[in-house]
Number of protein chains: 2
Amino acid sequence: MDPILAVGSVAFDSVKTPFGEKSRVVGGAATYFSVAASFFTDVRIVGVVGADFGEEAMRVFGGRRIDLAGLERVPGETFRWKGEYGFDLNSRETIYTHLNVFEKFQPKIPDAYRTTPFVFLGNIQPGLQMDVLNQVTAPRLVALDTMNFWIAGALDQLKQVLRRVDILIINDSEARELAEHPNLVKAAHRIQAMGPKILVIKRGEHGVLMTRPDDGGFFAAPAMPLETVFDPTGAGDTFAGGFVGYLASCGEVTDASLRRATIYGSTMASFAVEDFSLDRLLTLRPEEVTARVSEFKRLTHFDVL
Amino acid sequence: MDPILAVGSVAFDSVKTPFGEKSRVVGGAATYFSVAASFFTDVRIVGVVGADFGEEAMRVFGGRRIDLAGLERVPGETFRWKGEYGFDLNSRETIYTHLNVFEKFQPKIPDAYRTTPFVFLGNIQPGLQMDVLNQVTAPRLVALDTMNFWIAGALDQLKQVLRRVDILIINDSEARELAEHPNLVKAAHRIQAMGPKILVIKRGEHGVLMTRPDDGGFFAAPAMPLETVFDPTGAGDTFAGGFVGYLASCGEVTDASLRRATIYGSTMASFAVEDFSLDRLLTLRPEEVTARVSEFKRLTHFDVL
């Protein structure tokens, strides 16, 4: 079982969905990732919060396998984001993004973290992601998340860091944009040629496509059909936490473990969306995770005669 | 192995996709359905064509297990449809629909067909679908396809016929519209309460969700990720042909056979989109079907430790 170094945003979110509205709840990519991954292994979080991120907010990390030595606290306000979801939860509008203390964030990896074998680079400026890689020593596996904003605005830097990445986790429209090809299979091959041999393409309510170098084929996992989806915020980061967390916990990256990691990621994400913010993850018990993985098996299994 | 009675349109299509354009090629729901289903069992097609549907066009049915005694030929022109697909093939615009001889179509089920155990009611006016059911005797299983046009314009008639249907095959936006609920799980339960206990929800490039009364759960099948998708026309009817065809060929409707039927339907559809019109289906060999079903197993399989 290997620990994970996770770098990314810790935030206060305000979210409006057809089912309700929450203001100033804890969010951020590194937060969702770390809480999800901590179900599987030890997580060392690197990020920054402002003076307003108090004891109450810090409680999401408490009693978990999350090491906070790399979480800086600086004067000023924590990163804030507000978003609103449409009727069917598939469309999202950003109302505002206030970087606040995140604007001058320079990831500083504590000495004790530099040899962490698994590294997760959350969705931040690609130059900062590169800074992190320059501070760690021979990681066994590097996973990276990014978004259309950086593909459009910092493509050269992103391509430089991708050369040093093993696993890229992005959504389908971002994959098409990065590869400049509308066909996902061809887009995947183009992206693999950029560096990351393992590619995870997130498709929201339609699940995940994962491909790896072994045989050039795909593994497809559906999303769990749910009666109650309250808030999709953080689903992608929670997926990443389950995916990388599972891989780090089993220590081997094989076709079989990557398939299981995809299912564990999908499982964690399926819980995250059932309530606002991190609320569902914070009450989640390991045996519920195991039970839902079995539900995924029933959801997808068939026998060929 | 039971035969299937298939009622629906036989047409000339004109199609434009980003990859090319074809005019006046053979199409129609009953055509795609019958060709796909004929890989599995005998199909008795009921429909109407005009005088312009000549020997060349009829060749798509030749050398297959398709009985044409119910395919009327009347004076006038065959049903014609023209559509154009957007860049990523997910959006489609209908340029024209000329019903022609289909406008006065009254399904007449030949006496010899009336006891056919499996019945497929392709996407036509719900009143005509009811006329078909009134002409058959105690079918073992009735499957029905419909579309948003009838949900919006002939809802009462549609609900009447749904009471006599075992399997409804529709796409996700139609399921939400019919059930008047944005959540697919809740929509599915509402639709099952309308009559059809087995519901197949098509999601295009995102695959299929199938649910059945056994345990209230879902079976999810992804679409096969393909490098070449030339023409999505007929994919849904081809899916239905593989789905109902497989069920009729194995004769039993169980959880296991419904799961396999979903995979066979997805397999047939994955071939249909690889070329224009029915071109790929017409050269398809049974061993290619078997091989792709195995690919679906590799695409979706995982082991829980």
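In chain B, the residues A235(B), T238(B), F239(B), A240(B), G241(B), G242(B), F243(B), Y246(B), L247(B) and C250(B) of α8(B) are in contact with S257(B), R260(B), A261(B), T262(B), Y264(B), G265(B), S266(B), T267(B), M268(B), A269(B) and A272(B) of α9(B), two residues being in contact if their C-beta atoms, placed from the backbone, lie within 7 Å. By class, this contact of α8(B) with α9(B) has 12 nonpolar, 8 polar and 1 charged residues, where Ala, Val, Leu, Ile, Met, Phe, Trp, Tyr, Cys and Pro count as nonpolar, Asp, Glu, Lys and Arg as charged, and the others, Gly among them, as polar.

The model is predicted; local features need pLDDT of at least 70 and side-chain atom pairs count only at pLDDT 80 or more, whereas totals for chains, interfaces and linings use all residues. Residues are numbered from 1 along each chain as its sequence is written, and chains are lettered from A in the order in which they are written. The mean pLDDT of chain A is 95, with 99% of its residues at 70 or more, pLDDT being the predictor's confidence in each residue, from 0 to 100; for the complex, the predictor gives an ipTM of 0.93 and a pTM of 0.95.

Helix α8 (residues 235-250) of chain B packs on helix α9 (residues 255-272) of chain B at an angle of about 140°, with the axes 7 Å apart; helices are DSSP runs (H or I, at least four residues) and strands likewise (E, at least two), numbered from the N terminus, while axes are lines fitted to C-alpha atoms, for helices over the stretch in contact, with angles from 0 to 180 degrees between N-to-C directions. The two helices are therefore oblique to each other, as angles under 35 degrees count as roughly parallel, over 145 as roughly antiparallel, 65 to 115 as roughly perpendicular and the rest as oblique.

Between the chains, the contact takes 31 residues from chain A and 31 residues from chain B. On the side of chain A that touches chain B, the elements that give two or more residues are α7 (184-193), β13 (218-221), α9 (255-272) and α11 (286-300) of chain A, and the largest share, 6 residues, comes from α11(A). By class, this side of chain A has 17 nonpolar, 5 polar and 9 charged residues.

Chain A can be laid on chain B with an RMSD of 0.0 Å by a turn of 180° and a shift of 0.0 Å along the axis, the superposition being by least squares on the C-alpha atoms of residues with pLDDT of at least 70 in both copies. The two copies are thus related as by a two-fold rotation axis.
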